[in-house]
Amino acid sequence: MGKVVMYSSVSVDGFVADENDQPGPLFDWLSSGDVPLDESGELKVSQTSYDYTRAYWDQIGVTIAGRHVFDLTDGWDGKPPSGIDHVVVVTHRPMPEGWDPEAPFHFVDGVEAAVAKAQELAGDRLVEVAAGDVGGQVLAAGLVDEVRMDVVPVVFGSGKRYFGSVDAQHLLEDPDVVIQGNRVLHLRYRVRR
C-alpha cells in the first residue's frame, strides 16, 4: 500500500487559510515562476519547485478531504483536482443532492474508513490527506506516514490551523527534504513511530 501523506501550503505561523477560509497569498508561489506545472499553463513555478512538486503530484492516487473543503470547492465540479484519480470525502452527511454517483468521489464516515478506502483505491500510489481538521484527525489516529508543507513567507496571525485541532504531541523526524523555491520553502518530514 502507498504511503499516507498529509499536505498543504501553509503560512509561517501554521495556517492553511485565514479566518474566512481564504488562502490569501498561500498559493502565490504557484504563479511565481516560468515553468508550467500542469497542462493548463496557469500554474507556473520555479524549476526547483517544478522538480519537487511535479514528482510528488505524479505519485498521488487519491486525495482525502473533509466535507468542508469539498463544499468550499463545489466538489471541484466532479473532477478530482490536479489529475488525481479519486477523492475520498470524510463526512457524516450523504453526498449532495443531484451529485453524479459515477463521479470518482467516495463519501465515508470517519478518518479510519477514509484511509482504508483511499489505500484500496490508490494501490501502491500515495494517499494525500488535506491538512486541516481532517488531516489532524488522521495524524492523531496514527495513520500519517509523512508530513509535507509548502511554507509561504506570510504570517496570518489566526485562521485554520495546518494540524487542525490536534492537541497532543506527535514527533516527526528531522526534515529529509528542504528545498527553496520562489516564495516557498518545500519541507518533508517522516512521522516518528
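## An exposed loop residue

In this predicted model, D77 counts as exposed, at 67% relative accessibility (exposed means over 50% relative accessible area, buried under 20% and partly exposed in between, with a 1.4 Å probe and protein chains only). D77 sits in the loop that joins α2 to β6 (helices are DSSP runs of H or I of at least four residues, strands are E runs of at least two, and both are numbered from the N terminus). A103 lies 26 residues from D77 along the chain, and 9.5 Å separates the C-alpha atoms of the two.

Residue numbers start from 1 along each chain as its sequence is written. Local features need pLDDT of at least 70, side-chain atom pairs count only at pLDDT 80 or more, totals for chains, interfaces and linings use all residues, and side-chain values use heavy atoms, without hydrogens or water.

## A buried loop residue

T91 also belongs to a loop, the one between β6 (86-90) and β7 (105-108). T91 is counted as buried because its relative accessible area is 7%. Leaving aside residues up to four places away in sequence, T91 touches R67, F107, V108 and D109 (contact means heavy atoms within 4.5 Å).

## Helix α4 and its cover

Within α4, the buried residues include V134, G135, G136, V138 and L139. Among the elements that cover the buried residues of α4 are the strands β1, β5, β6 and β8, together with the helix α3 (111-122). After α4 comes G142, which has a positive phi near 75°.

## The largest pocket

The largest pocket holds about 1400 Å³ of space. Its lining consists of 47 residues, and those closest to the pocket centre are S8, F27, V69, W76 and A130. Two or more lining residues come from each of β1 (4-11), β2 (15-17), β5 (60-66), α2 (67-72), β8 (126-130), α4 (133-140) and β10 (160-161). Here a pocket is an open set of points on a 1 Å grid over the protein atoms alone where a 1.4 Å probe fits, with protein on both sides within 12 Å along at least five of seven lines; lining residues have an atom within 4 Å of a point.

## The annotated region

The unreviewed UniProt entry places the feature "domain: Bacterial bifunctional deaminase-reductase C-terminal" at residues 111-172; such annotations may be inferred rather than shown by experiment.

Key
Points joined across faces, edges and corners; volume = space filled by probe spheres on them.
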